[in-house]
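Hi,

Here is the structure I said I would pass on.

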Amino acid sequence: MAAPKTNEFMEKVVSLCKRRGFIFQSSEIYGGINGFWDYGPLGAELKRNVKDLWWRSMTRLRDDIAGLEATIIMHPKIWEASGHVATFTDPMIDCKTCKGRFRADQINEIPCPQRPSKTVSECAGEKTEPRPFNLMFKTHVGPVESDENAAYLRPETAQAIFAQFKNVLEVSRQKVPFGIAQIGKAFRNEVTPRNFTFRSREFEQMELEFFIRPDDAVAKLAGAVAKLDAGTNLSEPKTDWGWEVWHKYWVEQRLSWYESIGLPRTSLEEYWQRKDELAHYAKATVDILYKFPFGAQELEGIAARGDFDLTQHQKHSGKSMEYFDEETKSRYVPHVIEPSAGVDRLILALLCNAYHEEEVVDEKGNKEVRVVLRFHPRVAPVKAGVFPLLKNKPDLVRKALEVRDLLRPHMNVFYDEAGAIGRRYRRQDEAGTPFGVTIDFETLGEAGPGMADTVTLRHRDSMLQERVPISDLAARLLDQVR
Ligand code: ATP
């Protein structure tokens, strides 16, 4: 029986990722380690671009958000206060036949290791009752492996933001409403890592905690709290916004950001959690889903968490988390809206969204399949390939190196002189490079002085070529890649 289409598509993406150096299995030479992935040269650039774009949109292009970079291992009391020690668990079952361990809520989706045509729930193996399994990785700080020295690798970056709330508030001289943003590693001992990097045991998060006034402080200041309806203008924050409008504002901001890096709105879904699905402290949670080949799955969660986290830390640390609001002349623990995104899931979404195969005709009139990653130029790992038409003509090579050096301070470029020009274009298509710059005899002025110091600029998606003066090149490309 033919494998389902979605598997075929994912296999192609996974194989391209390995072949071109986006993503490798961690520790591959030792057989790999389940749930851990390494980013190769192209993947590292892609990831860096995504994180830089998030950081820029959150901190540098706004006045009301400050950045933080905290440690991975923190005081273990943080995880008691946050509730992770007691409740950060998944239900786990064991199969007595194959000895496999599975998340009880996923057994209808996970293939049985012994009979992959069946899922774990349908296979004959006898299962244990589900029991809670804490997802935090435990370690010890210092030479003694005792309970007093136990610590955890953070399962989310958010808690450090709450723990440093007062310090950041003081030094940044921000006033509520304001936010603190952080990007960093998080670790979860997932029972069943799967779907390539989608569910990993080590991953990166980009999290914002945006602190707002409680609704009664808003009412005191503005007379009334703004109602959220279809007509609410979400473009500029207003003083009468309560948690509901702020929450919707962040959902819209985040959706627009995904669009700005090349994920069309139609590839995304908003999932508003039902009342019975919400965590006990959450007032509302929206998951932003991407339509992966294996189903629409969460990229980011945006939760209105009330004052739960700061209040918990106030209780457990004995340190006040209250804020004195000059404008309302009142003291309160700020409430929070939390947009929490996973970098690795977003990278996977960008790869799936970009992957295209198309039939094209080469210079000799032969049909061939072109594999192309249609990344938005902003996230593309390499922005421009620079090619001398022929490598055995020193004048072409010299000029091409000049063009490379001209572009290099502004963007990541890749110089390639090996093989036929068509082959070099295809290699960059597979890497998702949006522009190809070819230095040919016209550049050298051999087709007449009018063409001297112009290059061929090839566009990855349309494959159209145009002539552009070298003096305009950097500005033309920067316009697209920034
Ligand atoms: P899921 O229900 O899929 O396990 P979650 O709701 O527990 O995810 P959050 O705790 O809200 O996830 O974490 C915020 C974001 O961190 C998620 O939207 C996701 O992008 C990312 N993330 C969480 N767990 C993982 C993981 N195991 N691997 C990769 N990314 C993850």
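Helix α11 (residues 394-407) packs against helix α13 (residues 470-481) at an angle of about 35°, and their axes are 10 Å apart. Keep in mind that this is a predicted model. The two helices, α11 and α13, cross in a right-handed sense. On the α11 side the contact is made by Lys 399, Val 403, Leu 406 and Leu 407, and α13 brings in Ile 470, Leu 473, Ala 474 and Leu 477. Sorted by class, that contact between α11 and α13 comes to seven nonpolar residues, one charged and no polar ones.

Next, the second largest pocket, which has a volume of about 850 Å³. It is lined by 23 residues, and those closest to its centre are Asn 7, Glu 109, Pro 111, Arg 194 and Asn 195. Which helix gives the largest share of the lining? That is α1 (residues 5-20), with five residues. By class, the lining of this pocket has 13 nonpolar, seven polar and three charged residues.

Last, the domains. The chain splits into domain 1, made of 6-76 + 155-351, and domain 2, covering 382-481. Their C-alpha centres lie 39 Å apart. How many residues of each domain are in contact with the other? Seven from domain 1 meet six from domain 2.

That's what I have for now.

Cheers

Key: Residues are numbered from 1 along each chain as its sequence is written. This is a predicted model: local features need pLDDT of at least 70, side-chain atom pairs count only at pLDDT 80 or more; totals for chains, interfaces and linings use all residues. Side-chain values use heavy atoms; hydrogens and water are left out. Axes are lines fitted to C-alpha atoms, for helices over the stretch in contact, and angles run from 0 to 180 degrees between N-to-C directions. Helices (H or I, at least four residues) and strands (E, at least two) are DSSP runs, numbered from the N terminus. A crossing is left-handed if the near helix is turned anticlockwise from the far one by less than a right angle, and right-handed if clockwise. Contact means heavy atoms within 4.5 Å. Ala, Val, Leu, Ile, Met, Phe, Trp, Tyr, Cys and Pro count as nonpolar, Asp, Glu, Lys and Arg as charged, and the others, Gly among them, as polar. On a 1 Å grid over the protein atoms alone, a cavity is a set of points where a 1.4 Å probe fits but cannot get out, and a pocket is an open set with protein on both sides within 12 Å along at least five of seven lines; lining residues have an atom within 4 Å of a point. Grid points are joined across faces, edges and corners, and a volume is the space filled by probe spheres set on the points. Domain bounds come from an automatic or database domain assignment.
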